[in-house]
Amino acid sequence: MKASQFGRSAAVLTIGALALTACGSDNATGETASGETAAGGAGVSGTLTGIGASSQQAAMTAWQNGFQGANPEAQVQYSPDGSGAGREAFTAGGADFAGTDAYLDEEEYEASKEVCGPDGGFHIPAYISPIAVAFNLPGLDTVNMDGETIAQVFTGEITTWNDPAIAEQNPDAELPDTPITVVHRNDESGTTENFQEYLAAAAPEVWTAEVSGNWPSQWASENNKGTAGVVSSTSSTEGAITYADASAIGDLGTVAVGVGEEYVEYSSEAASKAVETSTPVEGRAEYDMAMDLERDTTESGSYPIVLVSYHLYCSQYDSQETADLAKAFGEYVISEEGQQAAADSAGSAPMSENLRTSAQEALSNITAAG
């Protein structure tokens, strides 16, 4: 499937039509209700090593359990060191696959050709989830903020919770004069990059820093490593606010984001609406599925701070065993069983059949050198 064909498929995603649950599940075995073995290439063996996004950690545990249950001679190892670490390890040949919340830039893509053959690495959108703007304010579960206000909070222009810019959007809430403590990631992170993409699109006059996986030094504040780190810091600091994969925020309050004339709370269905308007990234491998999202959408019911977290695979591996293992694991992750396991454990949005078909065709083209 050419990039243009993928673009047509991406435009008609129907992820939100699937029933989701945000609570945890003990059923991460990858079996169907009838007991049939999940998809994923039964009979493969060996060890597949991955490094990358911490946002995928809950889903990855479910994928590991389901895949290894169906393939007892196979093992998948994953270190949630962050998207930047994952891409760096992958392009250096230090990992068989990577999890990343941001697609390879041009330099990284060229570097991937050194370890993945002439077509380089390619992206499969394995995990789709909203990024929550989460806060610790006892007595308040939800606060309305438009994009400009969110940007002003994270740049330090708004410093208290009862600031007029917040208060006028929440006329029925009793906002305290508690100081706002911004908590951001201190590691290179695809979640950070996705959040900055939203801020740059929704409030370009406020968020003037170049979009990056690193937090801008001019707006440095409280910080911690990884998704778990920023959630922990926010949970222990009254008045704190952060951004994190929605599956990991626990009991923290959340911001309902201004979209057009309404405020939209995060949900898998609302996040999927944002994916429906995505466009493919040009100039990549034939089957690559990296996408650009419309962060400043005004579509009703759409939640624009969405994370599309990818699995990066090589188009060509050095050994047939690794190629077979990568293909089998990738097929399990995108299968109905794999996507539902992730939804049950992490509250993510299972991919549509259109997207799954494109992903299956991409994975089928993994080969071994020679």
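The largest pocket in this structure has a volume of about 330 Å³. Its lining consists of 22 residues, and the closest to its centre are Asp101, Ala102, Tyr103, Glu193 and Glu197. Keep in mind that the model is predicted.

What kinds of residue make up the lining of the largest pocket? Eight are nonpolar, four are polar and 10 are charged. Several elements contribute. Helix α7 (190-202), strand β12 (291-292) and strand β13 (306-314) each supply at least two residues of the lining. The largest share comes from α7, with three residues.

Now step back to the whole chain. The protein chain holds 12 helices and 15 strands. Of its 370 residues, 55% count as buried. Next, take the contacts with a separation of 6 or more. Residues 24 or more positions apart account for 75% of them.

The largest nonpolar core has 94 residues. Which of its residues touch the most other members? They are Trp63, Phe154, Ile241, Tyr313 and Phe329. Another core lies apart from this one and has 10 residues, among them Ala132, Ala134, Ala240 and Ala244.

Ile241 sits in strand β8. Is Ile241 buried or exposed? Its relative accessible area is 0%, and the cut-off for buried is under 20%, so Ile241 is buried. Val183 is 58 residues from Ile241 in sequence. In space, the two C-alpha atoms are 6.0 Å apart.

Helix α8 spans residues 226-235, and seven of its 10 residues are buried, so α8 is largely enclosed by the rest of the structure. The buried ones are Gly226, Thr227, Gly229, Val230, Val231, Ser233 and Thr234.

Helix α10 is another one to trace. It runs through residues 320-334, 15 residues in all. From its first C-alpha to its last, α10 reaches 21 Å, close to the 21 Å expected at 1.5 Å a residue. Its buried residues are Thr322, Ala323, Leu325, Ala326, Ala328, Phe329, Gly330, Tyr332, Val333 and Ile334. One of these, Phe329, was met above among the residues that touch the most other members of the largest nonpolar core.

Ile334 leads on to Arg356. Arg356 lies in helix α12 (residues 353-364). Arg356 and Ile334 are 22 residues apart in sequence, but 6.4 Å apart in space, C-alpha to C-alpha. Which residues is Arg356 in contact with, leaving aside its neighbours within four places in sequence? They are Ile334, Ser335, Glu336, Gln339 and Met351. Arg356 has a relative accessible area of 6%, so Arg356 counts as buried.

Finish with a residue in a loop. Thr298 is found between β12 and β13. Is Thr298 buried or exposed? Its relative accessibility is 58%, so Thr298 counts as exposed. Not counting residues up to four places away in sequence, Thr298 touches Val259 and Gly260. Ala274 is 24 residues from Thr298 in sequence, and their C-alpha atoms are 9.8 Å apart in space.

Conventions:
Residues numbered from 1 in each chain as written. Predicted model: local features only at pLDDT ≥ 70, side-chain atom pairs only at ≥ 80, totals over all residues. Heavy atoms only, no water. 1 Å grid on protein atoms, 1.4 Å probe; cavity = no way out; pocket = protein on both sides within 12 Å on 5 of 7 lines; lining within 4 Å. Points joined across faces, edges and corners; volume = space filled by probe spheres on them. Helix = DSSP H or I, 4+ residues; strand = E, 2+ residues; numbered from the N terminus. Nonpolar A, V, L, I, M, F, W, Y, C, P; charged D, E, K, R; others polar. Core = buried A, V, L, I, M, F, W, Y, C linked by side-chain atoms within 4.5 Å. Buried < 20%, exposed > 50% of the residue type's maximum accessible area, 1.4 Å probe, protein only. Expected span 1.5 Å × (residues − 1). Contact = heavy atoms within 4.5 Å.
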